[in-house]
Amino acid sequence: MTETISIDPVTRLEGHYAVKVELQDGRVSSAHSSGEMFRGFETILKGRSPMDAQQITQRICGVCPISHGTASILAQDQAYGVEPPKGGRLLRNLILGANYIQSHVVHFYQLSALDFIDVTAVLGYGGSDPVLLHIKKWIAGQTASKSVFPAAPFLPRLKGDYIADTDLNLGGLRHYVDALGVRAKAHQMAALFGGKVPHSTALVPGGVTQRVTADNIAAYGAMLRDVQQFVDNVYLPDVVAVAQAYLGYFEIGRGCNEFLAYGVFPEDNGEPMLPSGIFSGGSVKAFDHELITEDVRYSLFDSPSGLRPGQGQTNAAPDKAGAYSWIKAPRYGGRPMEVGPLARLLVAHGQGHAVVKPMIDGLLAKLTLGPEALVSVMGRHAARALECKIVADRCAGWLDELRPGMATFSDFQIPDKAQGMGLTEAPRGALGHWINISGGRIGGYQCVVPSTWNCSPRDDKGTPGPVEQALVGTPVADLDNPLEAARVVRSFDPCLACAVH
Ligand code: NFE
Ligand code: MG
């Protein structure tokens with residue numbers, strides 16, 4: 001028998017997302033992923049000064065503004081023919097690194113952990129931790145909230161197979177609160193060199209406007225050490241404990257099983273700390289930006305389908321027949337690609353990366369799993385946590401390379417006519433901005449964003465996007481509580497504000 005359920009909205013992610021799944025005999029047989037709003041940043045930018053771009057595109061998202069700012073200034077660096085000095089490169093890495101840390105921590109604790117941790121365990125709590133006692137009152141609905149959901153964001157929730165271990169539940173809940181403080185600290189680190197968070201003012205073409213002083217090096221370092229302790233002693237152990245409690249989720253949510261990374265965090269030798277590549281069929285191939293196109297047959301746009309981003313267009317068509325999403329369908333060589341921490345680590349692992357390879361191999365050995373298990377719900381959570389450690393630890397190295405007073409900015413002229421492409425990696429995956437300058441103004445601006453890749457609808461050939469494919473095969477025990485499907489979707493860390501931009 002075929003049944004259809006609609007998860008609308010999918011909660012605990014950024015933006016407005018609807019997922020419709022068809023089930024046969026209790027398993028998902030088909031899925032449709034819909035971005036439910038139009039934003040129009042690419043249109044807003046037309047006719048403006050190119051130097052507005054890194055400010056305006058950061059408003060695409062409050063979670064990953066640094067990544068949009070970075071993609072924009074990389075596109076402008078190329079258009080203006082300017083390269084930042086070493087100090088500018090290091091500060092860009094330190095600002096973006098801090099943004100990764102906050103994003104990964106908030107995704108696990110605030111957006112995903114409540115899919116696994118049983119918050120109601122706190123109702124039986126008899127200890128003296130004031131934080132847990134406060135949450136106990138909150139969940140019992142005994143606080144002064146006037147909300148129709150007085151126990152939000154903890155309850156209501158989908159019913160399902162939550163963790164039974166009381167210590168793990170109470171620890172997870174306590175860490176949910178601690179993680180908010182860690183996120184604040186990571187934001188302060190980004191603001192120290194980036195001017196402010198969200199929407200950094202210091203990210204500019206040619207480098208970064210902030211100065212390097214002994215004081216700001218010391219301040220960033222002190223906060224980084226606290227954050228590293230949390231990642232090492234709390235975040236990673238919690239993810240491993242959840243993974244051990246849900247080993248079945250190493251077999252659920254596989255998806256398109258092809259992965260794309262542009263590479264990110266340029267080092268002294270010009271190579272990215274996390275490399276670029278395509279991971280497919282168990283090996284890594286070189287990435288070629290000319291193979292990126294965007295289809296729109298099932299998207300609410302009437303621009304031509306299959307354009308490369310440098311020539312891309314954005315013509316909203318809200319009433320287009322047959323279309324079901326405001327998200328375009330980016331494809332690489334005509335195929336969907338998963339992007340994100342798992343993609344980055346699989347590409348790095350496949351290249352024998354000196355840091356990534358032993359970490360991934362160590363985790364798989366600890367869980368007695370083979371590498372194919374990584375392509376799953378739990379594999380995505382594990383990759384995100386490992387990457388958080390890799391980035392935090394490398395930030396300490398970049399900080400060590402800073403010297404007070406070193407140059408952080410190279411000057412440039414904005415040409416009358418130029419083009420630029422900025423490829424980087426946001427916390428959620430491969431991010432590209434393409435700028436076309438004409439008459440000294442922005443003639444065209446296109447963004448192809450991580451969640452656009454992952455949450456894309458079907459392409460012109462009818463091939464479903466990565467999240468749509470990952471949902472297929474998922475067993476759903478209770479159609480009124482499709483928790484298993486929600487876990488698959490949230491493992492991608494979707495950001496719909498970004499996806500539709
Ligand atoms: Ni709105 Fe973003 C990240 C970007 S995701 S969070 O990470 O770019 O599509
Ligand atoms: Mg776009």
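**Entry 1: oxygen atoms of ligand 1**

I looked up Arg428 and found one of its polar backbone atoms 2.8 Å from an oxygen atom of ligand 1. I counted polar contacts as pairs of N or O atoms within 3.5 Å; within protein, one must be able to donate a hydrogen and the other to accept it, and residues adjacent in sequence count only if both atoms are side-chain atoms. Ser451 also has a polar backbone atom 2.8 Å from an oxygen atom of ligand 1. For Pro427, I noted 3.3 Å between a backbone N or O atom and an oxygen atom of ligand 1.

This is a predicted model: local features need pLDDT of at least 70, side-chain atom pairs count only at pLDDT 80 or more, and totals for chains, interfaces and linings use all residues. Residues are numbered from 1 along each chain as its sequence is written, chains are lettered from A and ligands numbered from 1 in the order in which they are written, and side-chain values use heavy atoms, with hydrogens and water left out.

**Entry 2: the shell**

I listed the residues around ligand 1 (a heavy atom within 4 Å). Among them are His68, Ala426, Leu431, Val449 and Pro450. By class I noted nine nonpolar, two polar and one charged residues. Here Ala, Val, Leu, Ile, Met, Phe, Trp, Tyr, Cys and Pro count as nonpolar, Asp, Glu, Lys and Arg as charged, and the others, Gly among them, as polar.

**Entry 3: the nickel atom**

Which residues coordinate the nickel atom of ligand 1? I found Cys61 (SG), Cys495 (SG) and Cys498 (SG), at 2.2 to 2.4 Å. Donors are N, O and S atoms within 2.8 Å of the metal (3.2 Å for Na, K and Ca); water is not among the atoms, so sites may look incomplete. Along the chain, the nickel donors follow the spacing C-x433-C-x2-C.

Why is the arrangement tetrahedral? The four donor atoms around the nickel atom subtend angles of 100 to 114 degrees. Four donors count as tetrahedral if all angles lie between 85 and 135 degrees. Cys495 and Cys498 are both buried (under 20% relative accessible area, 1.4 Å probe, protein chains only).

**Entry 4: the iron atom**

I then turned to the iron atom of ligand 1, which is 3.2 Å from the nickel atom of ligand 1. Its single donor from the protein is Cys64 (SG), 2.3 Å away. I placed Cys64 in the loop between helix H2 (53-58) and helix H3 (65-80). Helices are DSSP runs (H or I, at least four residues), numbered from the N terminus.

**Entry 5: Thr70**

I found Thr70 in helix H3. Thr70 is buried, with a relative accessible area of 8%. Leaving aside neighbours within four places in sequence, Thr70 is in contact (heavy atoms within 4.5 Å) with Leu96, Leu203 and Thr424.

Notes:
Four donors count as tetrahedral if all angles lie between 85 and 135 degrees; four count as square planar and six as octahedral if opposite donors are over 155 degrees apart and all others between 65 and 115; anything else is irregular. Buried means under 20% relative accessible area, exposed over 50%, partly exposed in between (1.4 Å probe, protein chains only). Helices (H or I, at least four residues) and strands (E, at least two) are DSSP runs, numbered from the N terminus.
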